[in-house]
Amino acid sequence: MRFLAVNGINKQLQDQPVLKDVSFNQLQFQKLAIAGATGSGKSTLLKIISGLVQTDEGTVDFLEKRVKGPLDVLIPGHPGIAYLSQHFELRNNFRVEEILERDNKLTEEDAMHVYEVCRITHLFKRKNDQISGGERQRVALARLLTTAPQLLVLDEPFSNLDMIHKQQLKDVIADISSELSITCLLTSHDPLDVLSWADRIMIMRHGEVVQEGTPQEVYLHPQDEYCAALFGKFNHLEAAQAAVLGIKTAEKSIYIRPEKIVLAESDGIDAKALSVKFFGSYEEVQLQAGDIPLLMSAHPGAVKKGETVKIRVEL
Ligand SMILES: Nc1ncnc2c1ncn2[C@@H]1O[C@H](COP(=O)(O)OP(=O)(O)OP(=O)(O)O)[C@@H](O)[C@H]1O
């Protein structure tokens with residue numbers, strides 16, 4: 001049985017195309033992330049998938065059944081799909097345990113498992129104005145999970161969280177997939193958040209899917225400058241420059257991550273270190289190899305500013 005099939009979605013908002021012929025499938029238990037710059041259409045797509053926004057054209061089928069838009073049903077949404085918005089709200093003046101009880105469809109034991117996975121058992125007695133933003137996010141997530149969804153759709157779950165809460169939420173989301181066997185689909189405009197989590201990443205630009213692949217594929221072989229830039233720094237080499245560095249390519253240009261430039265023992269290419277910047281676990285070295293500027297990621301202390309080193313490109 002097909003889990004989620006999205007076909008030919010087109011959507012305009014205020015006469016502007018926001019989604020253009022978006023099609024993809026998601027398998028059950030596949031962790032799918034949608035990445036893209038702000039305004040690329042990710043939220044609108046998630047809302048259409050969740051039955052909360054009407055599509056102009058195209059279809060969404062969940063477990064072989066059509067997901068209807070809000071104009072076609074009395075209560076918008078799909079019972080098997082739980083959508084957590086970037087702008088979720090928790091009911092005011094209620095204790096966490098009251099918020100959680102409201103839509104709970106699980107047994108006490110299963111619900112407690114959800115609360116443990118979401119790391120919120122210590123918050124039950126507090127009111128929702130007595131918990132932090134990160135805790136609120138996890139309570140909102142737990143509340144959705146107790147509605148027993150099969151697909152959890154998370155719109156920018158990591159935005160506005162500090163490093164500690166972000167890491168906690170990442171652990172929670174990883175456990176939702178593995179311990180609760182719920183399939184997750186999420187978006188992030190910071191794709192570094194999703195590289196370690198996703199099985200597949202879909203990149204959107206101006207309402208279109210421009211690349212889809214494993215995290216390794218999209219990170220190491222970006223299709224163009226936009227896809228390359230989404231995942232961090234890169235070297236953009238024309239084919240002739242690539243040839244000088246010993247890379248054969250049929251492409252007009254290629255994108256090489258800084259950590260793929262490595263120090264060579266002997267038969268490398270000479271490159272002068274113009275600057276070295278410290279980033280904690282690594283240093284970013286701006287090199288000049290002949291007339292080719294190269295950005296390299298090196299172990300701290302491995303390269304000193306001003307020295308000439310031998311390098312090679314590891315593909
Ligand atoms: N209700 C609306 N009316 C008109 N235009 C809208 C509306 N909602 C979104 N848009 C526009 O549609 C485009 C896509 O927005 P969307 O929120 O789907 O993008 P996004 O990729 O999720 O962005 P972000 O990462 O900032 O949330 C944007 O250009 C946005 O300005």
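Colleague: Which residues of α4 meet which residues of α5?

Modeller: In this predicted model, Gly 134, Gln 137, Arg 138, Leu 141 and Leu 145 of α4 meet His 165, Gln 168, Leu 169, Val 172 and Ile 176 of α5. Sorted by class, this contact between α4 and α5 holds five nonpolar, four polar and one charged residues.

Colleague: Why is α4 called roughly parallel to α5?

Modeller: The axes of α4 (residues 133–145) and α5 (residues 163–179) come within 10 Å and cross at roughly 15 degrees. Angles under 35 degrees count as roughly parallel, so α4 is described as roughly parallel to α5. The crossing in which α4 passes α5 is right-handed.

Colleague: What makes β2 and β5 edge strands of the sheet?

Modeller: The open sheet has four strands in the order β2-β1-β4-β5, with antiparallel pairing. Because β2 (16–26) and β5 (65–66) each have a single partner strand, one side of each is left without a neighbour in the sheet.

Colleague: How do you know that β4 and β5 pair?

Modeller: Pairing requires at least two bridges between the strands. Two bridges join β4 (residues 57–62) to β5, and therefore the pair meets that requirement. The two strands run antiparallel. In one of the bridges, Asp 61 has Arg 66 of β5 as its partner.

Colleague: What is the angle between helix α1 and β1, and which class does that angle fall into?

Modeller: Helix α1 (residues 42–49) lies across β1 (4–13), β2 and β4, and runs at about 125 degrees to β1.

Conventions:
Residues are numbered from 1 along each chain as its sequence is written. This is a predicted model: local features need pLDDT of at least 70, side-chain atom pairs count only at pLDDT 80 or more; totals for chains, interfaces and linings use all residues. Axes are lines fitted to C-alpha atoms, for helices over the stretch in contact, and angles run from 0 to 180 degrees between N-to-C directions. Angles under 35 degrees count as roughly parallel, over 145 as roughly antiparallel, 65 to 115 as roughly perpendicular and the rest as oblique. A crossing is left-handed if the near helix is turned anticlockwise from the far one by less than a right angle, and right-handed if clockwise. Two residues are in contact if their C-beta atoms, placed from the backbone, lie within 7 Å. Ala, Val, Leu, Ile, Met, Phe, Trp, Tyr, Cys and Pro count as nonpolar, Asp, Glu, Lys and Arg as charged, and the others, Gly among them, as polar.
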